[in-house]
Structure formats: C-alpha cells, structure tokens
Amino acid sequence: MKSVSIVPLIGLLLLAPFASAAEIIHDAEYAILEAQNGEAWAADDEALDMKLAEIRERNGGKPPNIVYILLDDVGFGEIGMDELSVIRGYKTPNMTALAKEGVSLQRMYSEPSCTPTRVSMMTGRYPVRTGLTEAKATIAGDGLPAEEVTIAEVLRDAGYYTSHVGKWHMGDIEQAYASNQGFMHAEFPIHQQGQLAIMGRDMESADVIRGVDVSRQQQTFTLDKFFTPDPAHMVTGVELRERKLYEVDMEAGEIWTQKKYREMNERYQRNALGQLRTLAKQDRPFFLNYWPLFPLSFVQEHRSQYNTLNGGTMADILVELDEWIGEIVKEVDNLGIAENTIIVVMGDNGPFLQYEGATGQTDRIYRGGKTNHLEGGVRVNAWVRWKGVIEPGSYAEDIIHVSDLFTTFARLGQAMDDVPTDRVIDGVDQSGVLLLGETHGRRDYVHIYEGDKLKSVVKNKYKMHMPPPGSNPIKAP
C-alpha cells in the first residue's frame, strides 16, 4: 500500500478554505482569459477602486443606489431605438432619451426566456446550475432554492435596503418568494404570467386560450371539475407587511379579467414610484428591483392615447410602458439622487413570436425569439445611466451576460465580500465597461442553453451551434 504523509495532507485541508475564501470561483474559460489579461485587469481594478472611492466621498461615503428595471419579452431593437421602432409603427422616446444619457450595452445576452434570465441575474449563475431552466407558465410546485444566494441578499448584508416590485417568476414554493430571497420590501404575484396574461375570460374572448370559462363549452365528459386554468382560483398579487404576506386587490369570488391584470400593472408602477420616494429619504443605499409584467398582453384595450400605427397589443402597451420608464427616471432626478443612482433598463429575452400577429411583435435584426438560442432569442437592449459618472451617449460592444449584473452590482455596492465562494459564479465583474469604457470587459464568451441542453456557444465574434447529442457535428443547425 502506498504511504502518504499525513501532515502535508492536513495542511492542505486546513489551507483550502482560506485559499478560496477571498476568491470567487469562475469557470475554466474565465481562467484562460484571466491568465492572459490579469495584469491589465489588475491595473483596471486600481483605477476602479480610486474612482469608486471618489464617488463615495462625494456622496457622504454611501455606495450608489441601484434601480434595475427588467422588461418582459422585448428583444434587441424593439425599444429605445426609434429609427428601428418606427418601421414597426411606434416609438419609445423616453427609453431612447435614457440611452442617450448613459451607455448602450450593444452585446447584452439574456437567457432565452423569463425565468432563466431572472434566475441568472439574481444568482450570478447559469440557470442550469440551479435547476430553473424553463419559464414557469403554470403552477409548478418548485422554484429558486433557499440555498441559492441572490444579489438582494448580498446587497442587504452589505447595508443596502432591498425592495422588489412587480413580476417575480421564479417559482411558487415559499422558499422561492421574493420576500424569502433577500428583499426587505416585496410585492409580487405568486403565480406566474401564464395565468395572469393569458388565462382569463377576456383572453378567451380574444381566442388566446380555451377552457377558462367552462360555461362556454359543453362539459359532457368532464370528470375533474377542478381542472380549469382560472387565475381567480389562485392567490394573485401579494405584499409583504410586517414580515407577513397578504393578498391584495382580489376579493373572494372575483373573476380575473384584463381589467384586473391592468390594475395589477398600474399598482406596481405607482408603488415603484412610491418606493423610490420612501427609499430616497433613508440614510442608506437602496436596491430597487422593478419588473413590470407589461408589456406582455394579448387583449386589445383600445386606449386611444396609446394607439399606434402598429396596432398590436404589445406595441400599444410598449408606448405606455415607455411613459412609465420616463416617470421613474424623472422621479430619480426630482429627488436629487441621480448622481448616486445607477439606473439599468433591459429586456429579458426576445419577442414572443408564438403570438406575433396579435401582439404586433416580430423578430428584428436577429433571427429567432423567446425560448430560442438564436441571437433573436437572447440579444436584448440594455442601458445604464449613472449621471456624472457614465459618459452620456456612449456605446460598449463588449460581450456581457445577464449574470454579470450580479457580480457588477456587488462590486459597485462594496459587497464583494458577501459573494459566495463555495460554488461557481458565472457572472463576471463588468464595472470596467461602465466606468472605464468600451474594451474594458472581462468576457468574450457565452454558453447558451435551451432548458438543460447546451445549444450554442458564443466566442468573440463567432457563434457555434451545437449538434444534437450523439449526432454527427455536421448536423449542427
């Protein structure tokens, strides 16, 4: 039997936790880049530390507030680029103005659908690592595990007040609730957008779904009378009050309609503005996570002030939602906190092409849409404004993945010590892109999954589509 010296082995076991404690674990591809660019990144880090220290000094020692707005099912070219939007019959002038006040991230990659993108942003990890690899559309009975560490928890533990308003879409089990994932204030729908935007009586009248109103068809062979996709049978919107969740704006026996869906969206907009006013008065930095459910909508409401040449349900609501984004930005300015508040606005994936006729959406520059690994499914507009810090009207073509926001927000918020080091963190710190400009990114690759299947790999200016498992590589689509 081979003998082993036990003293060195014990030494390695003792040193291992300390060796890894200060370092975030990234993947092997990142290590390859770090080996080649480590010296340049170290110089960038010194410049970033100095710049962030100067900004904190100007703001009484406080790290920046962060307002993160994630919009549903809008791909690259659908918002904030009026020269493209106009050919589809509408404009979004407030988001176009926001783009000119900050940096446009031209190669922002999301995940192919809602839940994976949100999980990736919140945890800094590819969804395949967490098990949440698909958009939750019905009652799921699963969700984001308590063991995952979210950016809300990281920032909270570093002294931030954390608030979530709007769509959540990361599971319907209790441990997955926003109120249990690091948010000190939370208001959100427990059950997800499939029920809220699609499964209602008005939606059935619009021929988006069948079977919600059982009185509209014969039920001769119906044995299971509980088998009805009716959101009125479920808990819809909840708010956290004194550490308890309460359902709001839904009375017993009330029917879920497009009007109720609109009221939910309008309530979230009002409350996001209210949160801004409340948080701005506190003597601590804040993280406001605002995820509207709009523009996803399938019922034509004919609100004349938002009628467009396009006429699609989502096209019209995008014009309204653009006003809402303008209200948020204006409120930040009016509160006098713009110079210490980062505003990020982006889409969560490409357009929902399954409904492209009614909604007025189509794929734009890139082929593909929601649920798809093609560029049209995962390339989204993203803008970052930090008044007086980020150069207005600037562009960055560095590759950025939505998971990078986790690590970047932690760096900007002086919270890197709270980023977990016991698991792989896919998100890399992209503070250099924001504060030093284009070419200061730390990523030239993205792995793109559909569900749990690796479908393509982006590397630098190239993209490889993966062949089906076990097949000849020549069959790659």
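**Charges.** I started with the charged side chains of this predicted model. I find 48 positive and 68 negative side chains in the protein. The centres of the two sets lie 2 Å apart.

**Overall build.** Next I looked up the secondary structure, and the protein has 15 helices and 14 strands. I then checked the radius of gyration: a compact globule of 477 residues would come out near 23 Å, and the protein has 23 Å, so the two agree. Along the principal axes, the C-alpha atoms fill a box of roughly 80 × 65 × 50 Å. I note that 56% of the 477 residues are buried.

**Strand β4.** I went to β4 (185-189) and asked myself how many of its residues are buried. The count is 5 of the 5 residues, so β4 is largely enclosed by the rest of the structure. His185, Glu187 and Pro189 point one way from the strand, while Ala186 and Phe188 point the other way, and all are buried. Then I looked for its pairing partners. β3 runs parallel to β4, joined by 3 bridges, and serine 163 has histidine 185 in β4 as its bridge partner. With β5 (residues 237-241), β4 pairs in the antiparallel sense, again over 3 bridges. There I find glutamate 187 bridged to glutamate 239 in β5.

**Tyrosine 177.** I stayed in this region for the loop between β3 (161-166) and β4, where tyrosine 177 sits. Is tyrosine 177 buried or exposed? Its relative accessibility is 13%, and the cut-off for buried is under 20%, so tyrosine 177 counts as buried. Leaving aside neighbours within four places in sequence, I list its contacts as Trp168, Asp172, Phe188, Ile190 and Leu245.

β12 pairs with β13 (residues 453-459) in the antiparallel sense over 6 bridges. Glutamate 450 stands opposite lysine 453 in β13. The hairpin has 2 residues between the strands, and I noted that glycine 451 takes a positive phi near 65°.

Most residues other than glycine have a negative phi, and most peptide bonds are trans. Which peptide bond did I find to be cis? It runs from phenylalanine 294 to proline 295, with omega near 20°. Proline 295 is in the loop between β7 (286-291) and α11 (313-334). Threonine 371 has a positive phi near 80°, and I place it in the loop between α12 (356-359) and α13 (375-378). Glutamine 414, not a glycine either, has a positive phi of about 55°. It lies in the loop between α14 (404-412) and α15 (431-435). At 45% relative accessibility, glutamine 414 counts as partly exposed.

Key: Residues numbered from 1 in each chain as written. Predicted model: local features only at pLDDT ≥ 70, side-chain atom pairs only at ≥ 80, totals over all residues. Heavy atoms only, no water. Helix = DSSP H or I, 4+ residues; strand = E, 2+ residues; numbered from the N terminus. Rg over C-alpha atoms; globule rule 2.2 N^0.38 Å. Buried < 20%, exposed > 50% of the residue type's maximum accessible area, 1.4 Å probe, protein only. Lys, Arg positive; Asp, Glu negative; His and termini not counted. Charge placed at Lys NZ, Arg CZ, Asp CG, Glu CD. Pairing = 2+ DSSP bridges. Contact = heavy atoms within 4.5 Å.
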